[in-house]
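Subject: Structure handover

Hello,

I am passing on the structure we spoke about. Please look through it first; my notes on what was found follow below.

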Amino acid sequence: MPAVLLDRLPLPSLQAYTIVSILLLSGSVYYAVQVTSQLEWKINATFNFDFTTDIDTTMTVGNLTFVSNHQLTLEQFLLEHHCIRRLLEIVYFMFQEPLCVWTLINMAYCCLILIGKVIQKLVFGELRVSEQQHMKDKFWNFVFYKFIFIFGVMNVQYMDEVVLWCSWFSVLGFLHLLAQLCKDRFEYLSFSPTTPKLTHIRLLALLCGILLLSLGLFAVCVVVGLHAGANTFAFMAAECSLVTVRTLYVIVRYGIHLWDIHCDKVWENRAAYVYYAELCFEL
């Protein structure tokens, strides 16, 4: 339903979107540089770092050794260098200014799209019509239901929480789309006995990469859950588990397919392995 409603939404080309995003980011950086150069802002701005470093200073006079221990804050260490100080001021201002924050978010999405485009060129090449349609349906459904989840179920009201949840689901949605694309391409390649070996290697490497990333994100869920509670962990881990299970399913099916095509004789138990694999992952 969401895909049907938004199918005719006019979207710019990737090249135009990238150029506009770079221009917006450049404008935000220029604005931040101009504002942070003003003396009034420097007086009102404060930098707070909680990290400290212990430094031992040893001095030997004759047979006596004097040890002086003092703490050097990360703020003092970084702000000694003018370039680093200016960079910190600009970054600090951009994370505090709402317009700059939205520009950074837009640029992050632009980079994510560009990464996906590079992966498509390296692994998949030109997408088939059915693959494009499946990705479009998956994307709009994911956006629609996660929007309801964030503002309806979680009832998020603060901007920083909205940004964090949107960032989390953006990464998971990116992995979901890649996993769906790998599944569609595997189903297409499974009917082609003359597929080059390099194609299988690229697709399996991407699947393994998605699996490792999903496991890493699950570790992030555990760390966040220890501080934020079991409910937050459950909400974060649910979608992460779906990505992991679907990726594992495609890898197992791919392994069965490769074993079948490289087997010297007819593999009579292939159908049974496929059946039990589908049964296990569907449960």
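Accessible areas here come from the Shrake-Rupley method with a 1.4 Å probe. On that basis the protein chain has an accessible surface of about 18,900 Å², and carbon and sulfur atoms hold 66% of that surface. Please keep in mind that this is a predicted model.

Overall make-up

The protein chain has 11 helices and 2 strands. Read from the N terminus, the order of the elements is α-α-α-β-β-α-α-α-α-α-α-α-α. The chain has 283 residues, and 31% of them count as buried. Among contacts with a separation of 6 or more, 68% are between residues 24 or more positions apart.

Record annotation

An unreviewed UniProt entry places the feature "transmembrane region" at residues 14–33, 101–119, 139–156, 162–182 and 203–226. In the model, residues 14–33 are 100% helix and 0% strand, with 28 Å between the end C-alpha atoms. Residues 162–182 are likewise 100% helix and 0% strand, and there the end C-alpha atoms lie 30 Å apart.

Salt bridges

The whole structure contains 4 salt bridges. In general, side chains of opposite charge can pair when their charged atoms come close. Which residues are linked in a network of salt bridges? They are Arg128, Glu131 and Arg185. Glu131 pairs with Arg128 at 3.3 Å, N to O, and Arg185 pairs with Glu131 at 2.8 Å, N to O. Since Arg185 is in helix α8 (residues 159–189) and Glu131 is in helix α7, this second pair ties together parts that are 54 residues apart in sequence.

Glu131 has a relative accessible area of 0% and is buried. Arg185 is buried at 10%, while Arg128 is partly exposed at 27%.

Another salt bridge joins Glu187 and Lys183, with the closest N and O atoms 2.8 Å apart. These two residues are 4 residues apart in helix α8, so about one helical turn separates them. Glu187 is partly exposed, at 34% relative accessible area, and Lys183 is partly exposed as well, at 27%.

Cysteines

The count of disulfides is 0. For reference, a disulfide is a covalent bond between the sulfur atoms of two cysteines. Cys100 is buried, with 2% relative accessibility, whereas Cys166 is partly exposed, with 26%.

Surface patch

Phe144, Tyr145, Phe147, Ile148 and Phe151 make up a nonpolar patch on the surface, and their accessible area together is about 520 Å². Ile148 sits in helix α7 (residues 129–153). Is Ile148 buried or partly exposed? Its relative accessibility is 39%, so Ile148 counts as partly exposed.

Two further residues

Gln120 belongs to helix α6 (residues 98–124). This residue is buried, with a relative accessible area of 13%, because buried means under 20%. Leaving aside residues up to four places away in sequence, Gln120 touches Gly125 and Leu127.

Val245 is part of helix α10 (residues 230–262) and is partly exposed, with a relative accessible area of 36%. Val245 and Ser214 are 31 residues apart along the chain, and their C-alpha atoms are separated by 9.6 Å.

Regards

Terms used
Residues are numbered from 1 along each chain as its sequence is written. This is a predicted model: local features need pLDDT of at least 70, side-chain atom pairs count only at pLDDT 80 or more; totals for chains, interfaces and linings use all residues. Side-chain values use heavy atoms; hydrogens and water are left out. Buried means under 20% relative accessible area, exposed over 50%, partly exposed in between (1.4 Å probe, protein chains only). Patches are made of residues with over 30% relative accessible area and no salt bridge: like charges are joined within 9 Å, nonpolar side chains (Val, Leu, Ile, Met, Phe, Trp, Tyr) within 5 Å. A salt bridge is a side-chain nitrogen of Lys or Arg within 4 Å of a carboxyl oxygen of Asp or Glu. Contact means heavy atoms within 4.5 Å. UniProt positions are given in the numbering used here, feature names are shortened, and annotations may be inferred rather than shown by experiment. A disulfide is a pair of cysteine sulfur atoms within 2.5 Å.
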